[in-house]
Structures are given as C-alpha cells and as structure tokens.
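This report goes through selected local features of one structure. The sequence and the structure are shown first.

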Amino acid sequence: MKFSEQWLREWVNPAVDTEQLAARLTMAGLEVDAIDPVAGNFSGVVVAEIVAAEPHPDAEKLQVCRVNNGVDEVQIVCGAANARPGIKIPLATLGAVLPGDFKIKKAKLRGVESFGMLCAEQELGLAEKSDGLMELPADAPLGEDIRKYLKLDDAIIELGLTPNRADCLSVRGIAREAAVLSELPFVETAVSEVAVTIDDVLPVTVSAAVDCPRYVGRIIRNVDVSQPSPLWLQEKLRRCGLRSIDAVVDVTNFILLELGQPMHAFDLDKIQGGIVVRHAQAGESLTLLDGQTIDVREGSLLIADEKQPLALAGIMGGEPSSVSDTSQHLFLEAAFFAPDKLAGRARSYGLHTDSSHRFERGVDFELPVRAIERASALIIEICGGQAGPLSRVDGELPAREPILLREKRIGKLLGMALTTDEVESILRGLGMTVSAVENGWTVLAPSWRFDISIEVDLLEELARIYGYNRLPVTPMRDILTIRPAPESLRGMPQVRQQLVARGYQEAITYSFIDPAMHQAMSEGESAVELLNPISADMSVMRTSLLPGLIKTAMHNAKRQQPRIRLFESGQRFVKTADGLKQIPTLAALIMGRREPESWSATAELVDFYDLKADLESLLSVSAGGISFTTAKYTALHPGQTADVYCDEQRIGRIGALHPGLQAQWDFVNPVYLFEIDQQPLLARGVPVFSELSRFPEVRRDLALVVDRQLAAADVLNVVRESAGEYLSDLKLFDIYQGKGIDPERKSLALGLTFRHSSRTLNEEEVGQSVDAVVQTLKEAFGASLRN
C-alpha cells in the first residue's frame, strides 16, 4: 500500500517528522518498506506559459517558443511534440538545477539561443517516462515555484501489510492507526448525502445473497466524461502509484485509496434491463477491461444484466459495459462481497487486481453507502450530472459478537498492567465499542476489523498500540512438573538423530502438492482440494510424504548430486468416512552412490536392501514383531516392493520407484523409498535381562529346495515354530537359483543355532529338532533337503 504523507496529514497530523512517523507505524505492525520523495531534487523551476511557437529555421523537429514566466518573456528552443501556444508548463530558468545535478545554462541549438528549458514529468523526477511537456491547469499562477504549486515537498510511504490488516489498505485506515498511536482524535471527513434531482432507479436483484450480502447502486445522468480530472486528484492518484485515466475512473480509484471501498462505474445505456448479482452458468464468457476474454467458471460470482455478464464481481469490470468518452449516463456500484467466497477467485483466472486484493481480505461492510455518496459528489462536481436515489439490497451481514476482555489477563499475557483509561482509550481509538463490566470489559469489534474475534486479539491490539518496545522484559516464572518419560516410548528427535547418523539429511516440504504428482503416486485415493491454493501445482493436500521427497530429489539430481539420502517426518492428510484424518508419518528416499566418494570407497549404487537395512535399524527396538510381505503399488517397481507389518498390522511400504516414473522424472539412477506410520517407531520394547548361558551352542545348516515363488519369511516363520524351545538364533545366509536346481525352485540355506541355559545339548536332542523342522517344511511347502 503506497500513500502520500501529505494526504495522510490531511486526516491526522502528528507532531513528528517522516522518519518518526514511519517508525511508529512499523512498531505497530504496519511495516514501512520504503520512503521515497514525490519528485526529484531540483530548484529554479517555475510555472510558465507558451505565448508563441514557431518552427526552428534549421531543425525540422524543434520549435522556437516565446514563454512568459510571470516576470518577462524568454526565448526557449523546445523539441516536445505538444509544445503549443496557450498551455502552461514547468520552466527551468537559467541557473536552475534539475535532478542528477543538471544545471541550466544559456545555450545555442542549431544557431538559435535558448534561455532555459521546458520540462516534462520525467525531467523533474515525477515519472519514469513521459511523452511530452507536463501540461499544467489553465489557472496555474505564472511565476510560482513548481515545488510550491504542486506541493512536491512530500514523501511516498509504502507499507508491507499482513493479510489480516485489510483495514489499512486505505488512507482512512492508516490515519486511524496514526491517530491512536499519536494519542490524537480521529475525525472522519464529512460526507453528506447528494441531492437527488431525478427519480431514475435501476432494478437490482441479488440471487447470490450469501456471496454478496450488500449491494448499493445509483444512476447519475447527463455526465460530461470529457472533463479532465483536477490536478489535486491526479496528483493523489500518481503518488499512490495509479495513473489518471478519466474523471469517472479517477474518482472510483480515489475512493478505493481514500476509504478502501472498491467501486465500479457502468455505462447505463449499455445495461439491458436491471442489475442481477448471480453465480455464473456453464458456457458463459466475458471480455474484461484489460481486453482478455475469459470463459467464466460455473459458480463464479457475476454482476450481470438480464442478457449477459457485465463484470467479474469483486475482481474486474467488463469491457462491453465500461464507461467511454461518449458515455453520458452512469450506474455507480459499491458492494460488500464475503471474503471467504471471493478468496482465490481472481488467482484462478490468473488475475490480481486492487479490488480483489481488498475483497479477499475483507472490506468494511458499512462502507458502500458512504463510498457511493462521496463518489457521486465528486463526479457531479467535476463532470456535472443529476443523481438518482440509491438502489440498495441488504442480506445477512457478518455477525459481530461481544468479546470479554478480562483485566487480569492483560497483566498475565502482556507482563504488565494497563490502567482503565489506557485500555479504553486504545480500544475506542481503534473504533471499538467498549463497555465496562465486572473484572473487565465487553468489546465489540468494528465492521472493518475481520481479524478480531477472541480475547487474545484484543490483547494483541493493546500491546501493539501501547508499544511492544515499552513492554517490560520479565523473566518467565512458573511451577513446572517434569513429566515422566516412559522407557517404552521414544521421541521423533531420537529417530531423526538415528537417520542423520546413517547419512540422511532431513527435508521439510510443503503439505500442498501438485495434483499430477499425487495422481502418479497414489492408488486412486482422492486428495483434499484447496479452495484458495497458492498456485495450480500446490492445490491438493498430500496423502503421502513421498511426492515432496521425490520433488526434492529431482531438484538435487538436476544439480549433479551423486549421493542423495533424504527423510521427512510430518503429517499426511487422508479422507475417511469420519472426515479428514491427519496421520504422523516418516518417509525416506535414497539414490546414487552407496558410499560418499573417497579413495577407499567403491562407486557401487544403492539397492533395495540398503534402504531395507536402514528401516530395519529404525524398527529394531520396536515393541512389536516386524515383517515384510511382497506387495504391488502402481508407483513402485513390481518386483521390488513390500508392505511393512508390525504385529500383523500394516504400518507402511518400501520399494523402488517404478521404472516408468523414474524415466518420466529424469532420474538416471534407481530411486528407493519407504513410508511408515510414526506410532510403531515410537513404541519400543523395554529391555529385559536374561541370564547368559555358560554352555556351548550347537549349529546346524540346512539347504532346502522350495518353490521359487515362496517367500523366505514364510519358511523362517515355520522353522521358528517347529524347532522347539532350544532354538536361540536363525539366519538365512544364502539363496541359490541356477545349475543343479529346477528352474521353478530355489535353494535356501538356513543356519539354526541351538543352546540350553543350564546344560549342554546332546546330538540326539539337536537331531530331533532338525528332523522336526525338515518334516514340517516338507508338509507345509513340499520342501526337500538339497543333495
């Protein structure tokens, strides 16, 4: 938000300089991003009039002008195309200094003497570029210093406002803040009702009352749009970053900046029937003021007549119904559109306008009538015309509930007590209605503050206006009880540290992802779509952490990172029958080299078992039994994918990225990833002491031939169940397929270790256990011992 300091001081004039004023606003949360002078640093420029202009005898594009500077007439050679007798312009006299320390001296141009320089806006630092001389109003006093005449000893202050402070997107709102910060009264400018001289009324129908709870309009007839905007109006707009277009548009822009109410003017003769505020229907289109034609999405809010759309409500008007040089009759519009209904609508069309910027954040719903009256008066003053009565449609406006502010809470949360007078003065200065009650106050927020709804909002306002820098620095004191940390639980910081120790780096990605990436990585489950997305590629909530990690890996891979090991812990958002469920999740991704580049390391690439080993390391202290089962997922490699189970409950998945997606996303090397719920990671088994046996262990190795498709985990489970209580360890140390083995079968080599806690096992006992294992495997899977 840019505004002129002089314009602000017309509303409220604190006894501080520009820098002090900016410091006050910044400390109150209205951060000043920049302070710039209105014009360049120059002197010796006065108001002058071209009395005569003749062609230069030796230069086709130059003119020799006689110029009256209020004291005498001087000769000036000028090349501006708009130099002509009768216009008043800025004249840099001999000895004047223009921006850039450019001094004006007597000169000869193509043999003709010139005693000064006629100036354009660009040469005075008033604009970045200009097409000709700066033309001044006909009543500009000759000889007066141009800085004094245009009041150029002014500053443009630019605020960086947070989205909750839409009330400060106007000079009126900033003035209210400046007044309460300076302990000055805030006096509203008087806006009287315009005299109604005609009875013409345009019918208004609001069929989308929830989106548009208030709509106000007025007909103004016999307007002369060709009348130029007065200099004061053009200058106020220029200093706020807007150019002058015509008197009607300038007035609506002025109201936008002064009061914060977006307005629009229609050419009444181009409206067929009455005004209809409605939702768009399928197949409708509209040509906007910027010339582009859009296909209006069904459900978008429109201002229409009985035949066609006229404007995209709260965003931009339509070109067919716009005011032109030939317009004589106007229909002025001011409305309140519900912020939550308009949020994101402009961005969905690739637009961002001053109107949408304000309506999305919330415009004072009591303002439309005041804005219409102010705009009507200015248009009639500048362009003439006769005003009709107001057309007004009101629906259900936002409710404002009283907020209880407790006196004790002020001291508790701010660290100091404020007097009753200070509390009431600050809140009333901000436009709130304050009533004293027992132990505090009831406060009603004004219609322009959509960000105040609970007690802490009021406490923030008190701290903000009183001054954060004036709040005492008080050490926090409280009686704290250390909560027990159960040994059966560990925190996510420990899990993160373990992953970092294994060479991973933590990533933090957005919870909003690209719908295309969600589609590629999901199994058909639907994601929550955002009503107001940041951008089209961040428009759905993630149902998995993997898309974010993959996008991060793509970024790193394109920057020639040879070894990528990433993990992220966060929420994923899953639709259920009971609503949206947020599931704490851990995901990891590896690709590239197994070891960092070194003279002692090989260049081998990671594989599935590297990632599986890392996951097993994390789950090694889990309280439940962990197992892996072959699985199939659309986004993962069909032969290198498994579900992860804890006590027979699925907790996640692990696998290699599908080769098709690997190629699509330009990964040179295979990508391996896992994603599991956090809860099983945090529940760990409590260590239990068991006495070490003093007796020797006995090991037997078995080579079993089984069906090729049989999972080794199933074999191991059967061995554990049938080997008896003396089995202390079981290992799968080899898998063989090849010469000497049926192509449909494979050989599994198992190492069985037996031990008794109180005596040495004999051969017969061990042999019985081994025989039981072989027999059970034969019955269960048709296994046989390999010769």
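## Ala166

Ala166 is buried, at a relative accessible area of 11% (buried means under 20% relative accessible area, exposed over 50%, and partly exposed in between, with a 1.4 Å probe and protein chains only). Ala166 sits in the loop between β11 (155-160) and α4 (171-181); helices (H or I, at least four residues) and strands (E, at least two) are DSSP runs, numbered from the N terminus. Apart from neighbours within four places in sequence, Ala166 is in contact with Arg361 and Gly362, where contact means heavy atoms within 4.5 Å. Ala166 and Ile534 are 368 residues apart in sequence, and their C-alpha atoms are 19 Å apart in space.

## Basis of the values

This is a predicted model, in which local features need pLDDT of at least 70 and side-chain atom pairs count only at pLDDT 80 or more, while totals for chains, interfaces and linings use all residues. Residues are numbered from 1 along each chain as its sequence is written, and side-chain values use heavy atoms, with hydrogens and water left out.

## Salt bridges

Side chains of opposite charge can pair when their charged atoms come close. The structure holds 47 salt bridges, a salt bridge being a side-chain nitrogen of Lys or Arg within 4 Å of a carboxyl oxygen of Asp or Glu. One of them joins Arg214 and Glu366, at 3.2 Å from N to O. Arg214 belongs to strand β13 (residues 214-221) and Glu366 to the loop between α9 (354-361) and α10 (368-383), so this pair ties together parts that are 152 residues apart in sequence. Arg214 is buried, with a relative accessible area of 6%, whereas Glu366 is partly exposed at 41%.

Another salt bridge links Glu258 and Arg374, whose closest N and O atoms are 2.9 Å apart. Because Glu258 lies in helix α6 (residues 247-259) and Arg374 in helix α10, the pair ties together parts that are 116 residues apart in sequence. Glu258 is buried, at 3% relative accessible area. Lys731 and Asp729 also meet through their side chains, at 3.8 Å from N to O. Lys731 is partly exposed at 45% relative accessibility, and Asp729 is partly exposed at 32%. Elsewhere, Arg165, Asp167, Glu177, Arg449, Asp451, Glu461 and Arg464 are linked in a network of salt bridges.

## Arg593

Arg593 lies in the loop between β31 (579-592) and α17 (608-619). A polar atom of the Arg593 side chain is 3.2 Å from the backbone oxygen of Thr602. Not counting residues up to four places away in sequence, Arg593 touches Pro562, Arg563, Ser598, Ala601, Thr602, Ala603, Glu604, Leu605 and Val606.

## Strand pairing

Strands of a sheet pair through backbone hydrogen bonds, either parallel or antiparallel. Here two strands pair if DSSP finds at least two bridges between them. An open sheet of seven strands runs in the order β27-β30-β31-β35-β34-β33-β32, with mixed pairing. β27 (505-506) and β32 (626-630) stand at the edges with a single partner strand each, so one side of each has no neighbour in the sheet. Within this order, strand β30 (residues 563-576) and β31 run antiparallel and are joined by 14 bridges. Lys575 has Leu580 in β31 as its bridge partner.

Strand β18 (residues 301-304) has Leu301 and Ile303 pointing one way and Leu302 and Ala304 the other way, and all are buried. β18 pairs with strand β15 (residues 275-279) in the antiparallel sense over four bridges, and Ile303 is the bridge partner of Val277. Three bridges join β18 to strand β19 (residues 309-312), again antiparallel, with Ile303 opposite Ala311. A hairpin of four residues joins β18 to β19.

## Nonpolar cores

In soluble globular proteins, nonpolar side chains tend to be buried together. A nonpolar core is a set of buried Ala, Val, Leu, Ile, Met, Phe, Trp, Tyr and Cys residues joined through side-chain atoms within 4.5 Å. The largest one has 76 residues, of which Phe3, Leu25, Ile255, Leu405, Ile410, Leu427 and Leu462 touch the most other members. Apart from this core lies another, of 26 residues, among them Met492, Leu611, Leu615 and Leu681.

Key:
A polar contact is a pair of N or O atoms within 3.5 Å; within protein, one must be able to donate a hydrogen and the other to accept it, and residues adjacent in sequence count only if both atoms are side-chain atoms.
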